[in-house]
Amino acid sequence: MSGVAMPAPKRRHIHWSRVIVYGVMIIFLLFFLLPVYLLLITSFKSFDQVSLSRMWELPTSFSLESFNRAWNGGEGVIGMRGSFWNSVQLVVPATVISCILGSLNGYVLSKWRFPGSETLFTLILFGMFIPYQSVLVPLVEVLREIRLYATIPGLILVHVVYGIPITTLIFRNYYATVPNELVEAGKIDGADFFHIYRHVMLPLSAPGFVVAAIWQFTSIWNEFLFGLIITNDPQLRPVTVALQNLSGSQFTQWNVQMAGALMVALPPLLVYIFLGKYFLRGLLAGSLKG
Amino acid sequence: MRQAKTLSAHPARQVRWMNRDRAIALLMIAPSALAIAVFVYGFIGWTAYISMTDWRGLMITTSFVGFENYLTIFNTGRFQTNIRNLIVFTVFFLAACLIIGLLLAVLIDSRVRFEGFFRSVYIFPMALSFIVTGVVWQWLFAPGNWPNDPTGINLLFKQSGLGFLQAAWTTDTSVVPGWRIEGLRTRIGVPMAMIPVVVAAVWQMSGFVMAMYLAGLRGIPEEIKEAARVDGATEWQVFRTITLPMLQPITLSAVIILGHISLKIFDLIVTMTGGAPGNNTEVPGLYMYEITFKANKFAEGAAVAMVMLVVVALLVVPYLIYNRRTEVER
């Protein structure tokens with residue numbers, strides 16, 4: 001994240017207005033970090049230190065008991081280890097496939113436009129906005145019919161299909177920045193569709209793939225509704241559904257819930273920390289043109 | 001080869017629209033187009049059909065009942081309450097996100113130190129699942145036996161001498177002002193238990209709005225502002241007459257993005273309140289899930305889903321068409 005490219009340096013005011021600016025920013029900083037603070041101190045408390053009346057106090061000793069319980073289960077808690085593996089099995093193929101599809105679609109819709117291609121693009125985009133409640137029952141019926149209901153491949157299929165709009169959008173907008181002359185030159189040299197894709201577009205596509213992959217990875221990892229409906233089987237549920245079950249049960253101590261939440265949050269957080277620039281680009285791709 | 005050259009000279013007019021490569025291009029996009037046709041438009045049509053049958057439970061045959069299910073749901077107090085809750089959530093969530101997002105963007109754009117750090121902290125909740133957000137905020141807003149034995153932020157308020165700020169939060173059953181209107185089976189007003197849910201949602205999304213506004217602010221050429229300053233405009237005038245109007249397209253995008261998230265909100269409410277107390281925080285997305293997958297009222301559930309779809313479409317379709325028009329003009 002850069003703070004460069006500031007044109008025309010301005011005179012420095014060290015006024016009370018600056019104090020207000022920093023004051024407001026720090027107040028919001030505390031607002032954004034408050035839940036993180038609670039999450040961290042609670043997760044590292046041992047069971048005998050967990051009391052709601054002392055919830056804001058720092059742990060007196062460092063303990064991994066909560067993580068152990070949230071991960072491995074025990075005493076009425078179903079551990080999240082299995083669902084972590086489910087989520088990985090789900091997220092990786094779904095991300096890869098939807099990126100490939102998005103890249104092909106983006107290539108066609110930006111460099112091989114045909115009559116009606118803009119309309120097709122708009123029709124595809126609409127799929128990004130629909131409430132999934134409006135497709136759930138038919139979806140379950142069809143998945144049952146093709147024997148993919150309550151399976152991880154079924155969930156992969158669903159995430160790939162409903163990921164088409166956003167990945168297509170990301171790649172189409174990204175490829176729109178590749179000069180048409182490059183493609184035209186390829187055509188003149190007699191290169192065909194795939195040749196241009198492989199030798200002109202793909203070598204330029206790395207940032208597009210990073211943005212789309214990060215987007216798909218985080219949104220599929222964080223997704224809840226499809227996971228809830230399609231994996232009716234506790235053995236197959238992804239992390240978000242497992243976490244919701246953990247927090248929904250009265251018997252689970254809340255420090256275990258917090259540790260579970262931290263574990264679910266960690267993979268996308270790591271992506272955000274290390275690839276923040278691309279993460280942001282993906283976020284903005286969904287909202288801004290070009 | 002000669003033909004190819006003329007092609008590139010007048011690509012728009014002279015390219016025959018079907019040749020081998022174009023056929024391949026169509027073939028490559030066909031699977032995606034087909035998948036969207038079936039999984040989006042086909043399934044929506046199917047759901048629309050279900051919503052006009054009497055399908056409930058494990059029926060073998062169903063019959064067509066027209067718009068009866070829509071009349072049924074709109075006449076139940078629970079769905080009316082859902083709509084009220086959704087309106088309240090959407091209005092507060094959008095307003096708070098836009099105001100806070102713009103405020104933070106303007107502050108960050110005012111050349112502060114540690115800009116990258118502030119920005120990263122404001123945006124990071126976007127990376128989390130609504131489920132994670134819900135689990136954590138659920139405990140922050142657990143009121144405990146306040147005012148004497150509070151938990152969560154009530155406890156924090158008490159310990160920092162702000163005890164008067166304690167409230168029942170997610171357990172508050174009141175609706176303010178709670179007007180009753182002839183013919184409506186719900187009370188009009190703000191269900192107070194919705195406020196904590198809005199806070200959690202704003203915590204998650206306002207950084208995103210900030211990022212959008214920041215990108216917009218950085219896109220406004222400094223010269224325009226400088227010219228206005230030279231003409232004697234105050235900073236506030238510059239902001240109101242130059243910056244704000246130029247940010248309008250961003251506001252529009254933000255309203256669309258936040259609006260469609262808000263109208264579909266489900267996960268956050270499931271985790272934070274489950275719709276409680278009473279149905280004071282229940283929204284159509286949750287209601288559809290409950291009556292479809294728990295009560296097996298498939299037809300009524302489909303009607304709720306279609307209402308959601310229509311509402312989202314009313315927001316999004318004009319935007320998509322407008323976007324396409326402006327893009328063609330470019």
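**Two chains of a predicted model**

Visitor: Into which domains is chain A divided?

Guide: Chain A is split into domain 1 (16-63) and domain 2 (82-285), with bounds that come from an automatic or database domain assignment. This is a predicted model, in which local features need pLDDT of at least 70, side-chain atom pairs count only at pLDDT 80 or more, and totals for chains, interfaces and linings use all residues. Residues are numbered from 1 along each chain as its sequence is written, while chains are lettered from A and ligands numbered from 1 in the order in which they are written.

Visitor: What distance separates the centres of domain 1 and domain 2 of chain A?

Guide: Taken over C-alpha atoms, the centres of these two domains of chain A are 33 Å apart.

Visitor: And how many residues are in contact between them?

Guide: In domain 1 of chain A, 6 residues are in contact with 6 residues of domain 2 of chain A; contact requires that the C-beta atoms of two residues, placed from the backbone, lie within 7 Å. The side of domain 1 of chain A that touches domain 2 of chain A consists of 3 nonpolar, 2 polar and 1 charged residues. Here Ala, Val, Leu, Ile, Met, Phe, Trp, Tyr, Cys and Pro count as nonpolar, Asp, Glu, Lys and Arg as charged, and the others, Gly among them, as polar.

Visitor: What about secondary structure in chain A?

Guide: Chain A has 12 helices and 0 strands, where helices (H or I, at least four residues) and strands (E, at least two) are DSSP runs, numbered from the N terminus.

Visitor: How much of chain A is buried?

Guide: Of its 290 residues, 46% count as buried, that is, with 20 or more other C-beta atoms within 10 Å of their own, C-beta atoms being placed from the backbone.

Visitor: Turning to chain B, how many helices and strands are there?

Guide: Chain B has 15 helices and 4 strands. Its radius of gyration is 26 Å, well over the 20 Å that the globule rule gives for 330 residues, so chain B is more spread out than a compact globule. The radius is taken over C-alpha atoms, and the rule is 2.2 Å times the number of residues to the power 0.38.

Visitor: How many residues of chain B are in contact with chain A?

Guide: There are 87 residues of chain B in contact with 79 residues of chain A. Helix 3 (residues 20-50) of chain B gives the largest share of chain B's side, 18 residues. By class, that side of chain B has 58 nonpolar, 17 polar and 12 charged residues.

Methods
A residue is buried if 20 or more other C-beta atoms lie within 10 Å of its own, exposed if 12 or fewer, and partly exposed in between; C-beta atoms are placed from the backbone.
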